Amino acid sequence: MKNITILGATGTIGINTLNVLKQHRHEFEVIALTAHRQVERLEALCLEWSPRYAVMADSNAAEQLQQRLTKKTKKNPPVQVLSGTEGLTFVASLPEVDIVMAAIVGSAGLLPTLAAAQAGKRVLLANKEALVMSGQLFMDAVRQHGAELLPIDSEHNAVFQCLPPAFKISHPPPLKTGDSSSNPLKGEEKIQNPNSKIQNMAAGGLDEIGVSRILLTASGGPFRTHSIEQLHDVTPSQACAHPNWKMGRKISVDSATMMNKGLEVIEAHWLFATQPKNIEVVLHPQSIIHSMVEYIDGSVLAQLGNPDMRTPIAHALAWPKRISSGVRRLNLVDIARLDFEAVDFARFPCLQLAYDAMSAGGTTTTILNAANEIAVQAFLQERLRFTAIPKVIETTLSRLSGRMADFLETILEDDARARKLALSVISEQ
Ligand code: NDP
Ligand code: MG
């Protein structure tokens, strides 16, 4: 029996996680569930799952949840209701918890996800923004505290599945000198378990295990074939109508601008300790191949499956074992064809902005992420045009330089500065 905390339980990933857990009730126990403000949704989940703790990030929402649960159960609720970042970090690091699903959207996920890594948990990472904001610090925490990091993002989960079975995500090597992206990295890193040959090799980078490239696939989102003129007038509901995946609104807009792929390139850089030039993006509109790994002998390994997040969730929950996920079987005859296209960087400038931020290093990716979150929020509230999203991010980046990202305080400071600046850039639009 494994004990699990689900951060972001009311979201798309949270609900998919609970769906998989429902199929394996005897193997996992839900210890804590968290949400932001959706009281009714978390209440329903508490009544269904009877966790020991429920956390609402918003304190008013936490009070409401407490009252509702008390009324419903007509006695002191068996579930303890907590609130705020303190409550989130508390349930992410409980001694009795084995697994933490990190599925809060955006920068709000950073502190609880980091707390889970510092408590040495198995961290199932969906919250890519945490890694984009604080890659070096986060990976250092994973290594120093012996956490087990498993990717939920379908592309990174696919890459992980295409790497040698003994490969573990915990040993980011210093990148080679002369590579501009090595700015934020510190000196030689010690290998945690010198007995593992693969770990030793991984510590030298993916090239040491014969990997020449990571190929991240991208569906291209709902606007893959739109012209720049057509992109000008798109609405939030059009942007959130992803052709292949049902996701939260923020990541849906990120997919439409292709910033999601940019964040994923940065995520891959940290997870697999590989240089930006070895991470390529290829458009694959059917979302059947979730990503690929190319080896120096010319072999390209791919992971395929129907686009359903329950596959990577089940994989990471049970790894290195396999459990059923409820995902429909892949029928290649029905699919009939798999297409590939090059990315058009001119129509989707966010991807280039992400590559450039990654090369600049330090808190530049923190600034990129913060400006993107603010711009996406403004677009969703119909205060900003879709095509202005990359402009806001670019202008914010041009007015605020990144710093070394060695300390959490620096990262949080630059995150806050970038948010403020992005808001003022939006008011100039
Ligand atoms: P959703 O918007 O569906 O859910 C977000 C969850 O985070 C909700 O539980 C929400 O609570 C909670 N939350 C939102 N803001 C805060 C906050 N300030 N403090 C604490 N909790 C908060 O997002 P998704 O499930 O789609 O995505 C979650 C993460 O997973 C993102 O980082 C995304 O990039 C990543 N991901 C998602 C994929 C997908 O298929 N959906 C695929 C790959 C990665 P409430 O309901 O109360 O608002
Ligand atoms: Mg993805």
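Q: What do the buried residues of helix 3 pack against?
A: A quick heads-up: this is a predicted model, so local features need pLDDT of at least 70, side-chain atom pairs count only at pLDDT 80 or more, and totals for chains, interfaces and linings use all residues, while side-chain values use heavy atoms, with hydrogens and water left out. Helices (H or I, at least four residues) and strands (E, at least two) are DSSP runs, numbered from the N terminus; buried means under 20% relative accessible area, exposed over 50%, partly exposed in between (1.4 Å probe, protein chains only); and contact means heavy atoms within 4.5 Å. With that sorted, the packing partners of the buried residues in helix 3 are helix 2 (39-49), strand 3 (53-56) and strand 4 (80-83).

Q: How wide an arc do those buried residues of helix 3 cover around the axis?
A: The residues in question are Ala61, Ala62, Leu65 and Leu69. They sit on the same side of helix 3, because the arc they cover (taken from the directions from the helix axis to the C-beta atoms) is only 100 degrees.

Q: Which exposed residues does the face of helix 3 turned away from its buried side carry?
A: An α-helix has 3.6 residues a turn, so residues three or four places apart point the same way. On helix 3, the face turned away from the buried side carries Asn60, Glu63, Gln67 and Lys71.

Q: Which residue caps the N-terminal end of helix 3?
A: Look for a polar contact: a pair of N or O atoms within 3.5 Å, where within protein one must be able to donate a hydrogen and the other to accept it, and residues adjacent in sequence count only if both atoms are side-chain atoms. Here a side-chain oxygen lies 3.1 Å from the backbone nitrogen of Asn60, and the capping residue is Asp58.

Q: How far apart are the end C-alpha atoms of helix 3?
A: The expected span of a helix is 1.5 Å times one less than its number of residues. Helix 3 (residues 59-73) has 15 residues, so the rule agrees with the model's 21 Å.

Q: Which residues coordinate the magnesium ion (ligand 2)?
A: Residues are numbered from 1 along each chain as its sequence is written, and chains are lettered from A and ligands numbered from 1 in the order in which they are written. Donors are N, O and S atoms within 2.8 Å of the metal (3.2 Å for Na, K and Ca), and water is not among the atoms, so sites may look incomplete. At 2.1 to 2.2 Å, the ion is held by Asp153 (OD), Glu155 (OE) and Glu264 (OE).

Q: How many residues apart in sequence are the parts that Asp153 and Glu264 tie together?
A: The donors are spaced D-x1-E-x108-E. Asp153 lies in the loop between strand 7 (148-151) and helix 7 (154-162), and Glu264 in helix 12 (residues 259-271), so the parts tied together are apart by 111 residues.

Q: Is Asp153 buried or exposed?
A: Leaving aside neighbours within four places in sequence, Asp153 is in contact with Leu125, Lys128, Glu264, Glu267 and Met309. Its relative accessibility is 8%, so Asp153 counts as buried.

Q: What radius of gyration does the protein have?
A: The radius of gyration is taken over C-alpha atoms, and the globule rule is 2.2 Å times the number of residues to the power 0.38. For 429 residues, a compact globule would come out near 22 Å, which agrees with the protein's 21 Å.
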